[in-house]
Amino acid sequence: MLETLLPILIFTALALAVIGAVRRIRLWRQGRPSRVNLFKGLVALPRRYLVDLHHVVGRDKMISNTHVATAGGFVAAAVLMILVHGLGIANPLLGGLLLLASTSMFVGSLFVARRRLNPPARLSKGPWMRLPKSLMAFSIGVFLITLPTVGLLPEGLLEGGSSWLLALVLAGVVAWGLGEMFFGMTWGGPMKHAFAGALHLAFHRRAERFSTKKGGAGRSTGLKALNLEDEAAPLGVEKPADFTWNQLLGFDACVQCGRCEAVCPAFAAGQPLNPKKLIQDMVVGMAGGSDAAYAGSPYPGKPVGEHAGSPHGPIVALEGKALVDADTLWSCTTCRACVEECPMMIEHVDAIVDMRRHLTLERGKTPNKGAEVLDNLIATDNPGGFDPGSRLNWAADLNLPLMSDIKQVDVLLWLGDGAFDMRNQRTLRALVKVLRAAEVDFAVLGTEERDSGDVARRLGDEATFQSLAKRNIDTLAKYRFLQIVTCDPHSFHVLGNEYGELGGHYEVRHHSTFIAELFDAGRLTFVPWKGGSVTYHDPCYLGRYNGEFDAPRNVLKALGIEVKEMERSGFRSRCCGGGGGAPITDIPGERRIPDMRMNDVKESGAELVAVGCPQCTAMLEGVVDASAEVRDIAELVADALVERSSDDVSGASRRTTASTTAEEVIV
């Protein structure tokens, strides 16, 4: 009986899976075109899955091992089952391998079941709670029907009148497993992520995120520019179908593990954002319907069941039900903690900014002070609306060299809009002192410098960003320099990673990296640290966006400081709340993000928190009753400088002569 039933069950399940795959692909193809090398992506898929994805999954060893046992066992068991029981190639070797694969899958399913006994709040419940049973049904069923193949049970045991009931039970168990594993993989259910996830890795919107050689994946974090010359192209994303097809595919790959939810600063602050729910709402919009079936944590303060949409309906509606409320999008600090943690490598921040672009450019709906800041950027080239001619007022006594006077220099010091802020002016003065102590050949643009455009771009005003960027690029093209140094990670990121698409290619250094290089070259000497305990706060746009975690700590180590790390540091550092225009849009929550971060500082026991970003400084110093002093790394270095003789400096300079000169590099 089983010899007859099994091929029917297997190939029926495969046929339904193919039909579901075609249906699913049609849903994704509702999105806008995106140029992807399909063949190259499919060839790269095994490495992207086994190396890049598991690099993220592997941060939790138990989950990583569970996934290897369960997913690896399933893939092997599925292929072998088709050969052995579908095509009838029933030799003992294949049967033995099938037993091993199904055993591996069963062991993995036990750990999945254990995980679901008392699941953390971030995990979605609902249909996901049946997943362990489905995994067990498939693995046990396949194991039992394979035993006769390897001679561990008599061949005719499951045949004949006396065994028909047992055969039917086994067929039912196998059918249950096949239904979830094959049918559910393409029609919807907990296993949907396996099909969509594999194709998402193959056709990812940012192929450069994946490794091409030993050493791991690259880092791709710059936002993609809109083509403002194309009048037919939408300005941002108004409806789900405005996303590219591989973005929709990426949303569909979400495994609802909630790792993004657990690290989101806005969610923790009680603001109406949950990145997992946001991605699931995009899936709802892609297929059409409501979020009533969603079984995870809702947006704080917004019950499940109140959102609905369709592929060609607005994501944020002016009235009535919508997929997403506008304040959900404006709650994001663009810190990329969600992207960094996502095991499926989904790009949440790209999607949020795409939707913001529509609200800002098409509807003019930037909340709170957003419109004022954008107007200031247009009128005065800085978000505060300050007189552009006053950019260097803080340095009237420093006699800073100007690029307009000297034309050529080793280092262009990019001041950023912290030049208009009294607190950050102290950081800039400290940095100037350090550069002069190391006899760095540097200059500033002065009043020729404009805002980098970071705030405009994150608020969705791509037009103002591109206008500022192109004018800055034109200004920089007049001069010759080796590299740009800045104490602002936002400017550092935009100049280094987002100007290139508009024609501006520069070597950019954050001041902590540059100071570390100066120290290593013997051009700086410090008095040993005599202060109290110190911790370090990683700025999002320096750490997660650009992978620079070591240089600031190396500088602190050079000062004689032993850093007392916070529980959330490095790539898991908690955002200060100052990025993405969040202080401007100012969406209320149950608590403030900087307050939570200063509580992290307090728990570390540190008396001082070292920072490397003017936004972080402003946000953390704005905390009432803070337990620790906030100082920029440049200030700590400037205070510890040891004056050296001219002979020492010239000797160090000779030892560290660069292999290229300013005359050899034109930017």
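The questions and answers below treat these topics in turn.

Author: This is a predicted model, in which local features need pLDDT of at least 70, side-chain atom pairs count only at pLDDT 80 or more, and totals for chains, interfaces and linings use all residues. Residues are numbered from 1 along each chain as its sequence is written, and side-chain values use heavy atoms, with hydrogens and water left out.

Reader: How many aromatic pairs does a search of the whole structure find?

Author: Rings of Phe, Tyr and Trp (its six-membered ring) pair if their centres lie within 6.5 Å; planes under 30 degrees apart count as stacked, over 60 as edge-to-face and the rest as tilted. By this criterion, the search of the whole structure gives 12 aromatic pairs. One of them, Phe519 with Phe526, is stacked, with 5° between the planes and a centre-to-centre distance of 5.4 Å.

Reader: Is Phe526 buried or exposed?

Author: Buried means under 20% relative accessible area, exposed over 50%, and partly exposed in between (1.4 Å probe, protein chains only). Phe519 has 31% and is therefore partly exposed. Because its relative accessible area is 11%, Phe526 is buried.

Reader: Over which ring does the charged end of Arg336 sit?

Author: A charge sits over a ring if NZ of Lys or CZ of Arg is within 6 Å of the ring centre and within 35 degrees of the ring normal. The charged end of Lys277 meets this over Tyr294, 5.4 Å from the ring centre. For Arg336, the distance to the ring centre is 5.6 Å, and the ring is that of Tyr545.

Reader: Which elements give two or more residues to the nonpolar patch?

Author: Leu16, Ile19, Phe183 and Trp187 form this surface patch, with about 330 Å² of accessible area together (Shrake-Rupley method, 1.4 Å probe). Phe183, at 33% relative accessibility, is partly exposed. The elements are helix H1 (2-28) and helix H6 (164-187).

Reader: In S6, which residue is the bridge partner of Ile484?

Author: Strands are DSSP runs (E, at least two residues), and two strands pair if DSSP finds at least two bridges between them. Strand S5 (residues 480-486) has six of its seven residues buried, and six bridges join S5 to strand S3 (residues 408-414) in parallel. Three bridges join S5 to strand S6 (residues 508-510), also in parallel. In S6, the partner of Ile484 is Val508.

Notes:
Patches are made of residues with over 30% relative accessible area and no salt bridge: like charges are joined within 9 Å, nonpolar side chains (Val, Leu, Ile, Met, Phe, Trp, Tyr) within 5 Å. A salt bridge is a side-chain nitrogen of Lys or Arg within 4 Å of a carboxyl oxygen of Asp or Glu. Helices (H or I, at least four residues) and strands (E, at least two) are DSSP runs, numbered from the N terminus.
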